2 protein chains.
Amino acid sequence: MTPEEFRRHGKQAIDWIADYLAGIESYPVMSQVKPGDIRHALPSEPPEHGEPFENVLSDLGRILLPGVTHWQHPGFFAYFPSNASGPAVLGDLLSSGLGVQGMLWVTSPACTELETVVVDWLAGLLGLPEHFRTDAAGGGVIQDSASSACLVALLAALHRAGADGIDRDYTLYVSSQTHSSLERAARIAGLGTAGVRVVDVDQDTLAMDPGHLRALMDQDRAAGAVPAMVCATVGTTSTTAVDPVAAIGEVCAERGVWLHVDAAYAGVAAICPEFRWLNDGVSEYADSYATNPHKWLLTNFDCTVLWTADRAPLLAALSTLPEYLRNAATTAGAVIDYRDWQVPLGRRFRALKLWSVIRWYGAEGLRAHIRKGVTLAAELAGWVAADPGFELHEPHPFGLVCLRPLWPGLAEEEADRATTRLMELLNASGSMYLTHTRIAGRVVLRMAIGGVATERRHVEQAWEHIRWEHAALSRTLPRTLPQTLPQTLPHE
Amino acid sequence: MTPEEFRRHGKQAIDWIADYLAGIESYPVMSQVKPGDIRHALPSEPPEHGEPFENVLSDLGRILLPGVTHWQHPGFFAYFPSNASGPAVLGDLLSSGLGVQGMLWVTSPACTELETVVVDWLAGLLGLPEHFRTDAAGGGVIQDSASSACLVALLAALHRAGADGIDRDYTLYVSSQTHSSLERAARIAGLGTAGVRVVDVDQDTLAMDPGHLRALMDQDRAAGAVPAMVCATVGTTSTTAVDPVAAIGEVCAERGVWLHVDAAYAGVAAICPEFRWLNDGVSEYADSYATNPHKWLLTNFDCTVLWTADRAPLLAALSTLPEYLRNAATTAGAVIDYRDWQVPLGRRFRALKLWSVIRWYGAEGLRAHIRKGVTLAAELAGWVAADPGFELHEPHPFGLVCLRPLWPGLAEEEADRATTRLMELLNASGSMYLTHTRIAGRVVLRMAIGGVATERRHVEQAWEHIRWEHAALSRTLPRTLPQTLPQTLPHE
């Protein structure tokens with residue numbers, strides 16, 4: 001494809017996306033296709049001869065679009081938002097167009113240096129500690145996901161704990177509310193599920209109990225194990241519960257254990273002064289901290305930022321053949337080779353999209369976006385609380401509202417099936433997409449607000465629809481109940 | 001940014017890229033900035049108020065571009081090519097615009113099903129075994145990099161070998177020519193460097209010695225260790241050496257050890273019938289196989305395809321809470337949840353770019369691209385072989401040519417410094433970018449041909465420039481020699 005062909009087809013692609021975004025409300029939020037529908041609509045053999053780019057665009061609309069679940073739809077309330085704002089998409093486009101591979105500083109200095117600048121910017125915007133900045137002992141890096149960030153943190157923690165091979169038992173501490181990627185990281189890093197300790201949570205707030213953490217840790221140490229890392233969560237996936245970072249950090253500090261703070265969803269809210277409390281304890285205790293601009297901060301996936309208070313153990317854990325590869329500039333701190341900060345070697349120029357987002361919106365625009373989500377969620381929570389047909393889960397400090405429809409006369413397990421059935425009906429309607437979780441064993445609907453296109457009217461319509469469908473379903477119960485509960489799905 | 005603003009700025013971004021690509025030869029291939037130049041040219045604080053998108057574009061050209069090393073420049077011969085063709089960039093753009101997150105089938109069925117179709121297409125195009133197809137027991141998946149692919153393969157291998165915790169010593173077998181990401185995977189997975197065995201290579205071909213592999217493995221088993229995986233490489237990073245996969249596979253099969261084939265660079269050449277020999281032994285012995293369309297197959301980073309002959313151990317190694325998350329459709333094989341096939345949970349719609357590339361070029365266009373690189377490399381190799389001032393490394397079956405300038409009268413170490421100096425002068429000229437490696441201890445220049453814009457005239461000009469600079473430098477030696485050798489850098 002020549003530059004001139006690229007110019008022509010590129011504008012077609014831009015028009016396609018602009019039209020898609022302008023008309024997105026006309027699509028069912030959640031794809032309604034059945035397994036295999038898309039696959040069987042596509043040719044089983046690749047073309048021998050090249051085709052016009054227009055064919056790709058027309059098949060995208062004709063074949064693929066019915067199989068797309070529209071994460072940018074204003075009625076998308078599932079999981080967490082995964083915003084793809086205009087400036088983010090265009091920053092990513094420029095990155096693809098430049099086509100640089102930024103594994104080392106020397107393979108494209110701007111790729112490394114812009115990344116350092118924007119993660120330092122973001123640390124400042126969120127009020128994260130000065131020692132997370134690259135000019136100090138720490139530093140930030142863009143990862144593909146919070147899963148990878150917690151794996152990298154665990155590897156650094158294991159290195160600092162002295163793990164160098166497989167001769168001791170190392171342990172990782174999470175709660176029942178911690179994201180499943182932590183258990184996965186433990187399995188990847190060779191600790192296995194046997195190395196994961198699940199700390200109790202407070203039954204109301206669902207926050208980790210520092211007293212139980214202390215007890216578990218001391219018990220493990222007495223048994224000869226080496227506690228390597230604790231993961232505290234600021235805004236859990238299930239209900240946005242906030243672990244007491246300072247109290248957890250104190251336990252870690254007393255015992256020299258690495259504290260990783262997973263603020264994947266909620267951390268970006270600290271851009272607003274009224275949410276600065278999210279960072280309580282981070283400055284004093286956190287060895288590493290991760291948040292995802294690709295969730296609630298208008299930057300398209302993938303863009304997780306991981307900061308560390310001390311980059312030395314991270315680099316020691318991940319640098320390959322360090323004696324052979326080190327050079328004066330790196331050792332002096334004049335140059336960063338981000339390949340040493342992540343699992344893969346190669347890396348895209350992801351800083352461009354975050355840079356583009358921060359410049360287009362400015363700090364005030366980013367704060368306004370967070371506040372819009374929080375305001376809409378608070379409004380929804382008010383409606384739920386005022387409705388005798390529903391129970392609201394408290395607290396709901398961010399954009400997520402968890403609500404439980406009530407089904408008078410039904411036993412708990414029947415009620416859970418009714419709630420699930422309600423969710424299926426709502427999702428099948430095409431007007432919204434919700435997911436669920438369990439709180440104290442009961443099925444609860446999650447409604448995550450914060451999509452870039454979501455306005456008050458969408459939340460209002462969704463709530464009206466939920467109430468209407470709840471009332472309609474209530475009238476037919478229990479004869480329309482499904483016999484089994486579907487499996488719970490994970491959230492990113 | 002409204003859809004209409006996106007339309008306007010998107011076309012500006014497309015024009016920017018088209019102009020960049022049309023004028024790319026006017027830039028020095030390798031960025032000539034010094035550490036900190038770019039960083040210090042950028043504001044240290046983010047903007048409080050939003051800015052026009054035009055500011056991003058103008059700062060991209062004014063501040064960042066001098067810090068960009070131009071991987072798409074026709075004079076880029078460093079590392080391996082990392083092609084960003086037009087259809088790939090546009091496929092990626094459409095993925096960003098849709099903004100779907102494909103962790104589960106249900107979160108966007110088309111994202112999963114198109115991926116299955118295109119990796120099956122690619123398996124067919126490359127002549128890979130039928131059992132790598134998803135309809136059989138195996139299956140393919142797009143990973144971000146060959147590093148992640150080999151980590152995933154190692155985790156599957158460890159699972160199959162019975163590793164479930166840290167109670168035995170597991171071993172991984174590589175050669176001195178294996179990519180450093182394998183050692184890194186061993187460290188990430190908790191084997192440590194202590195678990196990595198380095199098998200001898202043939203001194204001429206630099207291919208792994210299956211006899212030594214057998215001896216090492218039996219020695220480890222006698223000592224109580226469990227051999228978990230062997231990595232055979234088809235086209236090593238240093239010199240594109242090809243390990244004897246069939247002979248290695250026989251050793252693995254006798255002992256039930258997982259064989260991973262790393263064909264990151266060279267594997268895609270099998271799209272041409274004359275390179276189908278690259279797959280020798282793969283059908284009979286390979287448990288997993290990876291190649292990178294993001295190197296030589298016109299698809300922008302990141303796009304590595306990993307196939308496995310049996311997806312069960314891979315899923316068992318990476319599924320979190322398998323009992324809890326499994327559902328009838330997944331178990332029946334009707335639905336794939338690709339989050340279980342990779343380290344991160346979230347995933348972009350990367351299949352779109354590979355689909356766009358295959359459709360735009362067609363199989364014949366992809367073959368023509370590979371053949372162009374091979375032909376140009378063969379021609380260059382002929383010129384090198386015919387020149388008494390240089391020594392050619394044989395064989396050079398693909399797009400990489402390794403050449404050693406001769407420096408009559410200089411001792412080996414002085415000659416290595418002269419070669420390095422020559423490379424620095426060439427790279428500083430801005431007209432080309434080369435990297436180096438060591439063969440039998442001697443510094444050798446690597447010239448990797450296969451960039452999307454590289455034509456015969458660029459190779460010819462580069463060769464003339466190398467000869468001219470070599471002659472000029474020879475006249476001033478030894479007084480212009482640097483006192484130390486620079487560090488060797490890794491290749492992706």
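## The loop holding B:Ser319

B:Ser319 sits in the loop that joins α12 (311-318) and α13 (322-325) of chain B; helices are DSSP runs of H or I with at least four residues, strands are runs of E with at least two, and both are numbered from the N terminus. This is a predicted model, in which local features need pLDDT of at least 70 and side-chain atom pairs count only at pLDDT 80 or more, while totals for chains, interfaces and linings use all residues. Residues are numbered from 1 along each chain as its sequence is written, chains are lettered from A and ligands numbered from 1 in the order in which they are written, and side-chain values use heavy atoms, with hydrogens and water left out.

B:Ser319 counts as buried because its relative accessibility is 3%; buried means under 20% relative accessible area, exposed over 50%, and partly exposed in between, with a 1.4 Å probe and protein chains only. Its side chain reaches the backbone oxygen of B:Leu315 at 2.7 Å.

B:Asp302 is found in the loop between α11 (293-296) and β7 (304-308) of chain B. Its relative accessibility is 3%, so B:Asp302 counts as buried.

Leaving aside residues up to four places away in sequence, B:Asp302 touches B:Gln143, B:Asp144, B:His294, B:Arg348, B:Arg350 and B:Lys353, and also A:Arg348. Contact here means heavy atoms within 4.5 Å. B:Asp302 and B:Ser82 are 220 residues apart in sequence, and their C-alpha atoms are 9.5 Å apart in space.

## The sheet of chain A

In chain A, seven strands make an open sheet of mixed pairing, ordered β1-β7-β6-β5-β4-β2-β3. Two strands pair if DSSP finds at least two bridges between them.

Five bridges link β1(A) to β7 (residues 304-308) of chain A in the antiparallel sense. A:Gly140 has A:Trp307 as its bridge partner in β7(A).

## Helices beside the strands

Helix α5 (residues 109-126) of chain A packs on the sheet and touches β1, β6 (288-291) and β7 of chain A; its direction makes about 80 degrees with that of β7(A). Axes are lines fitted to C-alpha atoms, for helices over the stretch in contact, and angles run from 0 to 180 degrees between N-to-C directions.

Helix α9 (residues 245-255) of chain A lies across β4 (226-233) and β5 (258-262) of chain A, at about 160 degrees to β5(A).

Technical notes. Polar contact = N/O pair within 3.5 Å; in protein donor to acceptor, adjacent residues only side chain to side chain.
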